[in-house]
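Thanks for coming. I will take the ligand site to begin with, then the chain as a whole, then a few backbone details. Please have the model open while I talk.

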Amino acid sequence: MFKIKKQLGQNFLKNPEVVTKIIEAAEIKADDKIIEIGPGTGILTEALIKTGAAIFAVEKDYDLITTLKRNIGEPKNLKIVHQDALWFDLSLFETGKFKVVANIPYNITSPLIRKFIEGEIKPESMVLMVQKEVAERICAAPGNSERGLLTIIVEFYADAEIVLQVPRKDFYPVPNVDSSVIKLKIKNEKRNVDEQMFFKIVKAGLAAKRRQIHNSLSATFHWTKEETIKILELSEIKPTLRAEDLTLDQWFNLYNCIAKKS
Ligand code: SAH
């Protein structure tokens, strides 16, 4: 038997219906390449193998790999990689030609999503089990106070939706949070912006979440109130809005006006 390692976010899924729904949401074809992060004891891995796709299961905990092999054998379409998923080399893959399907360790949710959506080589889609609150933050629409930097980063690169709610009792050991399955479809079209500058502006806007957007911007960029209001008007943004109210297009407008200004 293996020992459960809390620090590796080990909460194993035990509801087979949830597994079925994850597989459905992933829309897997037999010629797909799938990366699974943290296969654990293999409940999801086993279902992934049955789709016939080529599965790359990346597991950090060597003890679990032994259990995984014992549980599911070594089918031809499974490659188990003993590694930290954050260090997993994607150079064998091609953008748009692989999918990520996983019940991930929650402590690395944000860096993991960013690795895949911001990196040079991007998946076609990601179906991920994450903490419910994080799913809500990622999918928060304009006007929702949960809308923050992670929301905008994800929306910049992908269309995100919550596909399933999963109660904590569906895991062993039972964690102290509920979960949701999200699906991120990576956008094909690339916006013509300097990403570093774009996100600098987003961060500036979000710096003081409760404040109106003109306050946050003038504080960060050292503009006068008049200057700030003029830029916001040109961007078709009411100066009294808060950063959480802005649509992605409004952030792009703002970026374009600031880029022209400097
Ligand atoms: N997918 C399994 C296990 C989920 S628990 C299930 O649904 O039951 C999270 C899994 O991620 C564990 O197997 C844990 O060992 C693994 N893990 C934790 N950190 C990791 C990392 N940095 N890279 C790869 N796997 C990791």
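A polar backbone atom of Leu13 is 2.9 Å from an oxygen atom of the ligand. That is a polar contact here, meaning a pair of N or O atoms within 3.5 Å; within protein, one must be able to donate a hydrogen and the other to accept it, and residues adjacent in sequence count only if both atoms are side-chain atoms. Before going on, the ground rules: this is a predicted model, where local features need pLDDT of at least 70 and side-chain atom pairs count only at pLDDT 80 or more, while totals for chains, interfaces and linings use all residues. Residues are numbered from 1 along each chain as its sequence is written, and side-chain values use heavy atoms, with hydrogens and water left out.

In Glu59, a side-chain N or O atom is 2.5 Å from a ligand oxygen. For Asn103, the distance from a polar side-chain atom to an oxygen atom of the ligand is 2.6 Å. How much of the ligand's accessible area does the protein cover? The ligand on its own has 560 Å², and the protein covers 99% of that, by the Shrake-Rupley method with a 1.4 Å probe; for residues, only the protein chains shown count as cover.

Which elements give two or more residues to the shell around the ligand? They are β1, residues 12–13, and β3, residues 54–59. Strands are DSSP runs of E, at least two residues, and helices are runs of H or I, at least four, numbered from the N terminus. There are 22 residues around the ligand, and Gln10, Gly38, Glu59, Ala85 and Asn103 come nearest; being near means that a heavy atom of the residue lies within 4 Å. By type, the shell has 10 nonpolar, 7 polar and 5 charged residues. In that count Ala, Val, Leu, Ile, Met, Phe, Trp, Tyr, Cys and Pro are nonpolar, Asp, Glu, Lys and Arg are charged, and the others, Gly among them, are polar.

Now the whole chain. It has 10 helices and 9 strands, and its C-alpha atoms fill a box of roughly 70 × 35 × 30 Å along the principal axes. Of its 262 residues, 49% count as buried, which is under 20% relative accessible area; exposed is over 50%, and partly exposed is in between, with a 1.4 Å probe and protein chains only.

Lys33 is in β2, residues 33–37, and is partly exposed because its relative accessibility is 35%. Lys169 is 136 residues from Lys33 in sequence, with 31 Å between their C-alpha atoms. Ala54 belongs to β3 and, at 29%, is also partly exposed. From Ala54 to Phe116 the separation is 62 residues in sequence and 18 Å from C-alpha to C-alpha.

Last, the backbone. Most residues other than glycine have a negative phi, and most peptide bonds are trans. Where is there a cis bond? One runs from Tyr172 to Pro173, with omega near -10°, and Pro173 is in the loop between β8 (171–172) and β9 (179–186). His222 has a positive phi, near 55°. His222 sits in the loop between α8 (213–221) and α9 (225–234) and is exposed, at 70% relative accessibility. Glu236 also has a positive phi, about 60°. Glu236 is in the loop between α9 and α10 (248–261), and its relative accessible area of 66% makes it exposed.
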